[in-house]
Structure formats: structure tokens, C-alpha cells
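Here is a friendly tour of one model. Have a look at the sequence and the coordinates before reading on.

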Amino acid sequence: MTDPVLAIHNASITRGNRTLIHNLTGKLRAGEMTAVVGENGCGKSTLLLHLTGIRNTALPVSLLNRPLSAWSPADMAKQRAVMQQHPNTPFAYSTDEILLLGRSLYKEPLALRTAWVARVAQWFDLTHLLGRDIQTLSGGERQRIFLAKAVLQLIPEHQPVNVTPDLRGKLLLLDEPTSALDLRHQRGVMEQLNALTSLGLAVLCISHDINLVSPYCQQMWVLGEGACIAQGSPRNVLTESVLTRCYRTPIELITRPGKPPLVTH
Ligand SMILES: Nc1ncnc2c1ncn2[C@@H]1O[C@H](COP(=O)(O)OP(=O)(O)OP(=O)(O)O)[C@@H](O)[C@H]1O
């Protein structure tokens, strides 16, 4: 099996005197999506923040076999991109400018950057929103812009726009990327993320919508009770006992042939 893109070994995360997550071990692999689920306040966003390397951390986390602390910010930014929970900007940037920021690390001709902006905008149904003031966009439109910006950050430097990029070794960390999206765009975003994982991308996706993400993810981490209660494929992890423990409310499952079960309550 190939080395993981990101590996966490026996990591414990605390906030004040509360242990949010005790002894988490896990791997994010090329070509796989991992969904992180759990009740409000269980530590999902805090975990993601620690995996970004943005926060100076002594946690045992490595990106491509190197501790996060050994990466320079610029090198790390070419390897992993992050979309946080409520992305916004206080400035009246245009959508194009926001998307171009995703390529700001790279020394490329403007024509190439602009071509990639157009291509990725198309992937996320954003073409009609190019040129708009970001502050005038709806919540769902803005969420898709920032998702596209994160994806643009991971396209290799000088990648010709008409050649499919190799995204092995790249990592996308997403905090509830579909929370503001309508049903069509929820599916569109998940299908696009699925297409990107097929190019080698590793994705970690926090979500409260288990039914949306479960058909697309290879692994699910269920957080709760101050730890990771369960890890594995959606079919193995999605049991009434695991989810009832996680959400502290009775959960029922509806089995479906060839798909993970539907979660209801
Ligand atoms: N700066 C802080 N100081 C103290 N406690 C904090 C701080 N930031 C977060 N917390 C607490 O840490 C816990 C975990 O927060 P986190 O945002 O990681 O939860 P989450 O699982 O992402 O929740 P949600 O599903 O609501 O987004 C929460 O109880 C939160 O109140």
C-alpha cells in the first residue's frame, strides 16, 4: 500500500481542561475521501485546524512523511489547501480576484492562471458568477467560490489547462463545504470532489450530512465521547449503536442494496 498523504499517530487534542479527542490515529490516502462526522462541539473543526499546520502544533501529524513543523508555509500551501467553515472576506474583491488568489504562490503567466480559474469555475458551476463582487453573492454561491479557490491552490505549477492534472500527494481539508448548498449543488460538489479524488487527491470533509457524504467517502471517522468512536468504511461504521452513541439520540438506519444505509432519526 502506498504511503499516506497525511498521517496522525496517537494524537490527543485538548481545549482548556477538556479533552476533545483522545488518542486519534488515522491516515488520509491518495485518491480517498474521508468524512468526519459527530455532534456539535465534539471537535471536528478543531481537529481540522490542527491538521492544516496553520496552528503551531506539537501533534504527531505528518504530511508526506514529514512532520507538519518541518514544512515551510509556502511549500505546505502547494501541497494542502483548506476551506474553513464560514469563508468570507471583509473586502469587496471580485470573484475572479478571489479565485486568482488560489494561484498566487505560483510563478505562472497570467493567461495560464486565468485559464485555470475559468476551468475550475466551470467544475463548480461558477462561470456565471465571474466578475461579481464577492460580498453580493448568496451564501451558497460564496461557499462554492471558496471551495474552487482551495482546489485551484492544488493544481500543479505550469499545468497545461488541457491536460488532466495528477493530484497524488495533494490534500484538501474541508469544513462543511456543502452546508449552504441546495440539493443540486450538494450533489454537483460531491461529484466534482469524487472526480478529483480519482485524480489522486486526498480529501478530508467534515459534514453533518451523513447521507450526502457516505456514498462518496471511502472512510468515515465518527467523533464523540472525547475520542474517535469508529473508523472505517461507511458500511462498517454506520451502525445504530455507533450513531446513537455519537449523537446521544436514537438513530435508525434504512438499508439499501449496493449503498451505505440511510440515516434517519
Ligand atoms: N477558543 C476557544 N476557547 C474555548 N473553547 C473553544 C474555543 N474554540 C472552540 N472551543 C470549544 O471547543 C469545542 C470544539 O469546537 P469545534 O469548533 O471543534 O466543534 P465542531 O465539532 O466543529 O462543532 P460544530 O459541528 O458545531 O461545527 C466546542 O465545545 C467549542 O465551544
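How do the residues of the shell around the ligand divide into nonpolar, polar and charged?

## The ligand shell

The shell holds two nonpolar, seven polar and two charged residues. Here Ala, Val, Leu, Ile, Met, Phe, Trp, Tyr, Cys and Pro count as nonpolar, Asp, Glu, Lys and Arg as charged, and the others, Gly among them, as polar. Surrounding the ligand are Arg-15, Gly-16, Leu-20, Gly-38, Asn-40, Gly-41, Cys-42, Gly-43, Lys-44, Ser-45 and Thr-46 (a residue is near a molecule if its C-beta atom, placed from the backbone, lies within 6 Å of it). Helix α1, residues 44-52, gives the most to this shell, with three residues.

## About the model

This is a predicted model, in which local features need pLDDT of at least 70 and side-chain atom pairs count only at pLDDT 80 or more, while totals for chains, interfaces and linings use all residues. Residues are numbered from 1 along each chain as its sequence is written.

## Overall fold

The protein chain has nine helices and twelve strands (DSSP runs numbered from the N terminus: H or I of at least four residues for helices, E of at least two for strands). The C-alpha trace spans about 55 × 40 × 40 Å along its principal axes. A compact globule of 265 residues would have a radius of gyration near 18 Å, and the chain agrees, with 18 Å (taken over C-alpha atoms; the globule rule is 2.2 Å times the number of residues to the power 0.38).

Of the contacts between residues at least 6 apart in sequence, 64% join residues at least 24 apart (a contact means C-beta atoms, placed from the backbone, within 7 Å).

## The nonpolar core

Buried residues make up 38% of the chain (buried means 20 or more other C-beta atoms within 10 Å of the residue's own, exposed 12 or fewer, partly exposed in between, with C-beta atoms placed from the backbone). The largest nonpolar core has 71 residues, and Ala-148, Val-151 and Leu-172 are among those with the most contacts inside it (such a core is a set of buried Ala, Val, Leu, Ile, Met, Phe, Trp, Tyr and Cys residues joined through C-beta atoms within 7 Å). Helix α5, residues 139-154, gives the most to this core, with eight residues.

Beyond its neighbours within four places in sequence, Ala-148 contacts Leu-99, Val-120, Ala-121, Phe-124 and Leu-126.

## Two residues side by side

Ala-81 lies in strand β6, residues 80-83, and is buried because 22 other C-beta atoms lie within 10 Å. Leu-172 is 91 residues from Ala-81 in sequence, yet 5.0 Å away, C-alpha to C-alpha.

Pro-73, in helix α2, counts as exposed because it has 9 C-beta neighbours inside 10 Å.

Notes. Contact = placed C-beta atoms within 7 Å.
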